[in-house]
Amino acid sequence: MKEVKKLTGFSKLTKAEKLKIVADHVEASDAFMEAFKGCWHADEQQQQVFDEFSENTLTNFFLPYGVAPNFLINDRYYIVPMVIEESSVVAAAAKAAKFWAERGGFKAEVLSTTKVGHVHFTWQGNDEKLYTSWEALKKYLLTSTTQLTAGMQKRGGGIKQIALIDGPEVGYYQLKVTFETCDAMGANFINACLEEMSRSLKAFVEENVAEEGDNPVEVIMSILSNYTPECLVKSSLSCKISQLGCINGLSPEEFARKFEKAVKIAKRDVYRAVTHNKGIFNGIDAVAIATGNDFRAIEAGGHAYSARSGSYQSLTTLSLAHGIFSYELKIPLALGVVGGLTQLHPLVKWSLRLLGNPNVSELMKVVASVGLANNFNAVCSLITTGIQQGHMKMHLSNILNHFGVADHQKQLAFNHFKKKTVSFHAVREFLESKVAYNHADNISE
Ligand code: MEV
């Protein structure tokens, strides 16, 4: 490891210069440079688009792009694009999709579509003046944003509401603004409107309320909220318990009963709830990335929503009433199908086309259904075979690649581990055994 020194003016250098400097900090700098250059796009123009997505870009970082077919959502089939590195997530989604397609598929519904943002400010002095000016101030704020909101209004969106909120501390207030951003995720639109409002708030008070240049308003910050409980979608699965069939050796009734217990545990126990919800986000994030959406925003909002009662809980609920297995996911999803990366990333636009160019509501339904599918499959494995069986089967291939195993030997390993527990150690032992190396072509286990 070479010593890392403070770098000045780094961001102003060219990509080649940056790469050279960074590589010089690594022992095998030539190999480092080669590996990084090896991941550049063959098309220079395309590479430039990637470079400009972010700052100090040196290369691209590959992730597998897979698809989960057979998603029957509201009586329509989808082939769903998923970008994720974790082995078995795509397989799990596809397995659950196929299972439920034979039982009526997913029923999904968008419950609400608004988002909020705030101007956080303090008010020094007589707050009665703030309240008595409120109606006039509200009009002023709305007028100040008309240029920004004109396009969105034409599409049926814009600012839906402005409320003055008295904050929990003396002298702290918020302008809470509710937005409809139609097919856009809308982060830039919301933040631009809020920043304009914060300037107008100061100006209005200056002109109408302040005395002798003493403005009582100090704007602390203006920013959208990634908590979007009013941008909510529901996806559900349901069939007669008897129609579940035998699952991994459990009768439908045993399966339903155990499944119910597992969901109850995820309602009550935060350790389990977080893992349960992580399984939902496995699917959600993968589709979010494939469609150019901000998965960090989605995760943040989803986790906050799962703690809305005051305790963190599972995002899914199960009912077994009247002999019906009915499983539901309700989740806030702030997504977009226009703007952002959607037209820039060479694969995002194809992901959207693969989904039939959905509007944002349709995409919300697809994404929620994939999250529910991944969770269903995870719980299904957990209460029957355990997850290691499925996980390690996929993971075996990663371990074999780690050891640089040739294709014909891989098949041998797959046969060997069909009924054995996969672990890094076990695979190494197997590979070191004479069986794998010396007789690879002849021996079938
Ligand atoms: C692994 O990525 C996700 C699971 O742990 C989810 C769960 O436990 O429900 C399998």
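This is a predicted model: local features need pLDDT of at least 70, side-chain atom pairs count only at pLDDT 80 or more; totals for chains, interfaces and linings use all residues.
Asparagines with positive phi
- Most residues other than glycine have a negative phi.
- Asn357, although it is not a glycine, has a positive phi of about 45 degrees, and its place is in the loop between helix H11 (348–354) and H12.
- Asn248 is another residue other than glycine with a positive phi, here near 45 degrees, and it is found in the loop that runs between strand E8 (232–240) and helix H8 (252–268).
- Asn248 has a relative accessible area of 42%, so it is classed as partly exposed, a class that lies between the limits of 20% and 50%.

Nonpolar cores
- The largest nonpolar core holds 63 residues, and the members that touch the most other members are Phe71, Leu244, Phe255, Phe259, Phe325, Leu333 and Phe376.
- Helix H12, which covers residues 360–382, gives the most to this core, contributing 12 residues.
- Apart from this core lies another one, made of 28 residues, which include Val119, Ile159, Ile190 and Val205.

- Which residues does Phe259 touch, not counting residues up to four places away in sequence?
- Under that condition, Phe259 touches Leu318, Phe325, Tyr327, Phe376, Val379, Cys380 and Ile383.
- Among these partners, Phe325 and Phe376 are also listed with Phe259 as core members that touch the most other members.

Methods. Residues are numbered from 1 along each chain as its sequence is written. Side-chain values use heavy atoms; hydrogens and water are left out. A nonpolar core is a set of buried Ala, Val, Leu, Ile, Met, Phe, Trp, Tyr and Cys residues joined through side-chain atoms within 4.5 Å. Buried means under 20% relative accessible area, exposed over 50%, partly exposed in between (1.4 Å probe, protein chains only). Helices (H or I, at least four residues) and strands (E, at least two) are DSSP runs, numbered from the N terminus. Contact means heavy atoms within 4.5 Å.
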